[in-house]
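Opening my notebook on a new structure. I'll jot down what I look up as I go.

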Amino acid sequence: MFDCHLHSNFSGDSQMSVDEACEKAISLGLKGIAFTDHLDYDYPDYEEVFMINFDQYSKFMDQTKLKYNHRLKVLKGIEVGIQPHVLADSEQVVTGYDFDFVIGSTHIIDKLDPYTGSYFAGKTKKQSDTRYLEEVLFAVENFKNYDVVGHIGYIRRYNQCDDKTLRYVDYHDLIDTILKTVIRDGKGIEVNTSGFKGILNTPIPDFDILKRYKELGGEIITLGSDAHSAEHIALNFNFVKDQLKQIGFKTVTYFEKRKPVFINIE
Ligand SMILES: [Zn+2]
Ligand SMILES: [Zn+2]
């Protein structure tokens, strides 16, 4: 198994060292991990926290790959936070390094942050869900240098109302357009298990959207914990793998040198 979404302390919001993550992954019996530290241009309020020196990062990851050779496959990834006005700058970083894996994520919508709650102010749930999905659609239509879409339904983590769902049936047109674009472009989506850390108790996206992705012909799916600390690495992967199998997925994917590698789900 591979955990394809991890944040080391290169990201300002993580305290986990690269070695700590690697050792934990080995102890869990994982075959590999992808570090996907943040590139989030123009992140409101936290600009400096999300700006990494990617020269340093890239070199350090290359050394780490060698260090863990034969024990763990270490993949050099990046999680790109996409906003309409940062496409060109983000593209430059992605093409500037030999990343194995690129997650394209929507964290900030209309320059507002769901994490701080500012995004939700003055919106109904329907409005905040819809505007979020429109921005995910914008991202997949306008930023093509990614491998998988990160955590579709991300805002569920921070939504302050009781209903934490983002269901396929409620937004089927938008979700279908997103998924069809992803599939047509030969890209994939991730199943992000960070939802199991808190009260969501489901992956992001939830199984109804994963089921729809499969129905539409989607095959490329990566598993990622989005861990910022070692205890969350590979969180609930066994459960999620069983569910994916029931939905009809035969493989999960990791990316090396930007190419998908398919692993059979046992
Ligand atoms: Zn993210
Ligand atoms: Zn992340």
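I started with helix H6 (residues 207-215) and helix H7 (residues 237-247), whose axes come within 10 Å and cross at roughly 40°. (Helices are DSSP runs of H or I with at least four residues, strands are runs of E with at least two, and both are numbered from the N terminus; axes are lines fitted to C-alpha atoms, for helices over the stretch in contact, with angles from 0 to 180 degrees between N-to-C directions.)

This is a predicted model, where local features need pLDDT of at least 70, side-chain atom pairs count only at pLDDT 80 or more, and totals for chains, interfaces and linings use all residues. Residues are numbered from 1 along each chain as its sequence is written, while chains are lettered from A and ligands numbered from 1 in the order written.

Which residues of H6 and H7 make the contact? I found Phe 207, Leu 210, Lys 211 and Lys 214 on H6, and Gln 243, Leu 244 and Ile 247 on H7 (contact: C-beta atoms, placed from the backbone, within 7 Å).

Next I looked at the sheet. Seven strands form an open one, in the order S1-S2-S3-S4-S5-S6-S7, with parallel pairing (two strands pair if DSSP finds at least two bridges between them). I noted the edge strands, S1 (2-6) and S7 (221-224), each pairing on one side only.

Then I checked what packs on the sheet: helix H1 (residues 18-27) touches S1, S2 (32-39) and S3 (73-81), and its direction makes about 150° with that of S2. Helix H3 (residues 87-96) lies across S2, S3 and S4, running at about 170° to S3.

Last, I looked up S4 (residues 101-105) and S5 (residues 148-149): they run parallel, joined by two bridges. Ile 103 stands opposite Val 148 in S5.

Conventions
Contact = placed C-beta atoms within 7 Å.
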